[in-house]
Amino acid sequence: MHSRLLLVLLVVSLLTTLPYAQQLEASAPDQAMPNLMKVFAREFGESYKMVPGLAALTADFDGDAVEDAALAVTGDNPLATAAGRGFKVIDPYNSYFGYGNPKLTSAFSAEPGVPKYILILHSWREATPKSKFAVVNLPFKKISLGSVLVKKKPVASITAEESEGLMSALFWDGKKYRWEALGMGQ
C-alpha cells in the first residue's frame, strides 16, 4: 500500500512539473538572438558586450507567464549608467551574506579578472520591458537555466557555476532576486 502511494505521488509530481521542464528546454533564443542583442543594447547601453562562450538565457524568471531574458556581459560599471538607462543594480550574492548595497559592494570582485555582470530584462519582447536589473558580484564562469523551489513551487533560475565547481542559483522570490548556494557541480 505504501509503495503504491509513493508511485502515485511520483507520477503526479512528474505530470505537474513536465510543462515547466518543457518550458525550460525552450530556452535557447536562436532566431531571436540578433533582436535580443539589440534590445539589450537599447535598454542597457552599447558599452556591454556578451561574455564569449556563454549563451543568453530566456525563461519566465519572475513568474508572470511572459518570457524574460538574461545575458552575461562585461563592460562599464553598471552603477555609472543605471540612472540614465533606468535599471536597478543589485547584489544578491553579498546580500545573502548580510550586506548587499551595490554602491559599496560593486568595488569588491568575487572573481579575479575582468568584472562580469548578468543583465536581466523582464518581458524583454515588449516595447518597454517590465523591469531591468544588473547583477554585480555574482561569481561565475558559466551560467545555465535551472529551477529552484520557492514556497513549494518550481521557479526558473539562473544557475551559476564558479571556477572551483561550486554551483549557485539566482532566482526571483516574488519580490526580488535572491542568491542561494547549491553545492558542488559535476
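Student: In which sense do β9 and strand β10 pair?
Tutor: Keep in mind that this is a predicted model. Strand β10 covers residues 177-184, and seven bridges connect it with β9. Their pairing is antiparallel.

Student: Which residue of β10 is the bridge partner of alanine 169?
Tutor: The two strands belong to a hairpin that has four residues between them, and there glycine 174 takes a positive phi near 110 degrees. Across this pairing, the bridge partner of alanine 169 in β10 is glutamate 180.

Student: How many bridges join strand β8 to β9?
Tutor: Strand β8, residues 153-161, and β9 form another hairpin, again with four residues between the strands. In its turn, glycine 165 has a positive phi of about 90 degrees. Glutamate 161 stands opposite methionine 167 of β9. The strands β8 and β9 run antiparallel, and the number of bridges joining them is five.

Student: In what order do the four strands of the open sheet lie?
Tutor: β7 and β8 pair in the antiparallel sense over nine bridges, and within this pairing serine 144 has threonine 159 of β8 as its bridge partner. The pairing in the open sheet is antiparallel, and the order of its four strands is β7-β8-β9-β10.

Student: Which strands stand at the edges of that sheet?
Tutor: A strand at the edge has a single partner strand, so one of its sides is left without a neighbour in the sheet. Neighbouring strands of this sheet are turned against each other by 35 degrees on average, with direction ignored. The two strands at the edges are β7 and β10.

Student: Is serine 168 buried or exposed?
Tutor: Serine 168 has its place in strand β9, which spans residues 166-172. Six of the seven residues of this strand are buried, so β9 is largely enclosed by the rest of the structure. For serine 168 itself the relative accessible area is 1%, and because a residue under 20% counts as buried, serine 168 is buried.

Student: With which side chain does the side chain of serine 168 make a polar contact?
Tutor: Leaving aside residues up to four places away in sequence, serine 168 touches several residues, among them Leu138, Ile158, Ala160, Trp179 and Leu182. The polar contact of its side chain, at 3.0 Å, is with the side chain of tryptophan 179.

Student: What distance separates the C-alpha atoms of leucine 182 and serine 168?
Tutor: Leucine 182 lies in strand β10, and at 43% relative accessibility it counts as partly exposed. Residues up to four places away in sequence set aside, leucine 182 touches Thr159, Met167, Ser168 and Ala169. Leucine 182 and serine 168 are 14 residues apart along the chain, while their C-alpha atoms are separated by 4.8 Å.

Student: What is the phi of asparagine 137?
Tutor: Most residues other than glycine have a negative phi. Asparagine 137, which lies in the loop between β6 and β7, counts as buried at 8% relative accessibility. Although asparagine 137 is a residue other than glycine, its phi is positive, with a value near 65 degrees.

Student: Where is serine 123, and what is its phi?
Tutor: Serine 123 has its place in the loop between β5 (116-122) and β6 (131-135). At 6% relative accessibility, serine 123 counts as buried. Serine 123 is not a glycine, yet its phi is positive, at about 60 degrees.

Methods:
Residues are numbered from 1 along each chain as its sequence is written. This is a predicted model: local features need pLDDT of at least 70, side-chain atom pairs count only at pLDDT 80 or more; totals for chains, interfaces and linings use all residues. Side-chain values use heavy atoms; hydrogens and water are left out. Buried means under 20% relative accessible area, exposed over 50%, partly exposed in between (1.4 Å probe, protein chains only). A polar contact is a pair of N or O atoms within 3.5 Å; within protein, one must be able to donate a hydrogen and the other to accept it, and residues adjacent in sequence count only if both atoms are side-chain atoms. Contact means heavy atoms within 4.5 Å. Two strands pair if DSSP finds at least two bridges between them. Axes are lines fitted to C-alpha atoms, for helices over the stretch in contact, and angles run from 0 to 180 degrees between N-to-C directions.
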